[in-house]
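This report describes selected features of one protein model. The sequence and the structure are shown below.

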Amino acid sequence: MSVEYKSEATAARRFPGSIVVMGVSGSGKSSVGEAIAEACGYPFIEGDALHPPENIRKMSEGIPLTDDDRWPWLAAIGERLASREPVVVSCSSLKRSYRDKLRESAPGGLAFVFLHGSESVLAERMHHRTGHFMPSSLLQTQLETLEDPRGEVRTVAVDVAQPLAEIVREALAGLARL
């Protein structure tokens with residue numbers, strides 16, 4: 001575990017449930033989620049790996065997903081959250097109805113870390129990303145679909161226009177306050 005996260009990790013472990021790191025594509029869900037999981041000693045689950053092949057095909061072709069496309073994916077994530085052991089999952093969780101469904105799935109409680117940023121910052125991050133199926137052309141549709149979760153129960157919001165280490169420190173500090 002990274003020394004810089006140790007004090008935050010100890011505090012974050014007090015949160016009794018799982019954590020979903022959420023936001024639009026390019027916000028850093030995987031990188032931040034992996035770091036939070038490491039700091040907390042929780043398993044990390046890459047939510048994108050749980051998409052059905054048809055969803056991946058559609059997104060790869062620049063076709064936005066519909067609610068009907070997303071429900072089976074959210075059900076697969078919900079199955080992972082149903083474990084009695086806390087986990088950290090990356091999942092866009094763009095709509096409140098999606099987040100509510102995930103909350104229902106997590107018996108030990110669930111916190112969200114909402115990674116947000118300006119469209120220009122997110123587009124720049126997507127432009128430099130390699131090996132991901134989501135084209136930058138879908139960023140605008142994700143931003144239009146996003147229902148801002150700030151103010152929802154057990155939600156920590158972190159601006160991604162800062163270095164990864166600072167994003168993770170801020171997220172862990174916010175989780176410790178929940």
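## Surroundings of Ile77

Leaving aside neighbours within four places in sequence, Ile77 is in contact (heavy atoms within 4.5 Å) with Gly47, Leu50, Val89, Cys91 and Leu102.

Ile77 belongs to helix H4, residues 67–81. Helices here are DSSP runs of H or I with at least four residues, strands are runs of E with at least two, and both are numbered from the N terminus. Ile77 counts as buried because its relative accessibility is 0%; buried means under 20% relative accessible area, exposed over 50%, and partly exposed in between, with a 1.4 Å probe and protein chains only.

## Basis of the values

The model is predicted: local features need pLDDT of at least 70 and side-chain atom pairs count only at pLDDT 80 or more, while totals for chains, interfaces and linings use all residues. Residues are numbered from 1 along each chain as its sequence is written, and side-chain values use heavy atoms, with hydrogens and water left out.

## The open sheet

Five strands make up an open sheet with parallel pairing, in the order S2-S3-S1-S4-S5. Two strands pair if DSSP finds at least two bridges between them. At the edges are S2 (44–46) and S5 (155–159), each of which pairs on one side only. On average, neighbouring strands of this sheet are turned by 20° against each other, direction ignored.

Helix H8 (residues 164–176) packs on the sheet and touches S1, S4 and S5; the direction of H8 makes about 160° with that of S5. Such axes are lines fitted to C-alpha atoms, for helices over the stretch in contact, and angles run from 0 to 180 degrees between N-to-C directions.

Strand S1 (residues 18–22) is largely enclosed by the rest of the structure, because five of its five residues are buried. In a regular strand, side chains alternate between the two faces of the sheet. Both faces of S1 are covered: Ser18, Val20 and Met22 are buried on one side, and Ile19 and Val21 are buried on the other.

S1 runs parallel to S4 (residues 110–116), to which five bridges join it; Ile19 has Ala111 as its bridge partner in S4. Three bridges link S1 to S3 (residues 88–90), also in parallel, and Val21 stands opposite Ser90 in S3.

Further along the sheet, S4 and S5 run parallel and are joined by five bridges. Val113 has Val156 as its bridge partner in S5.
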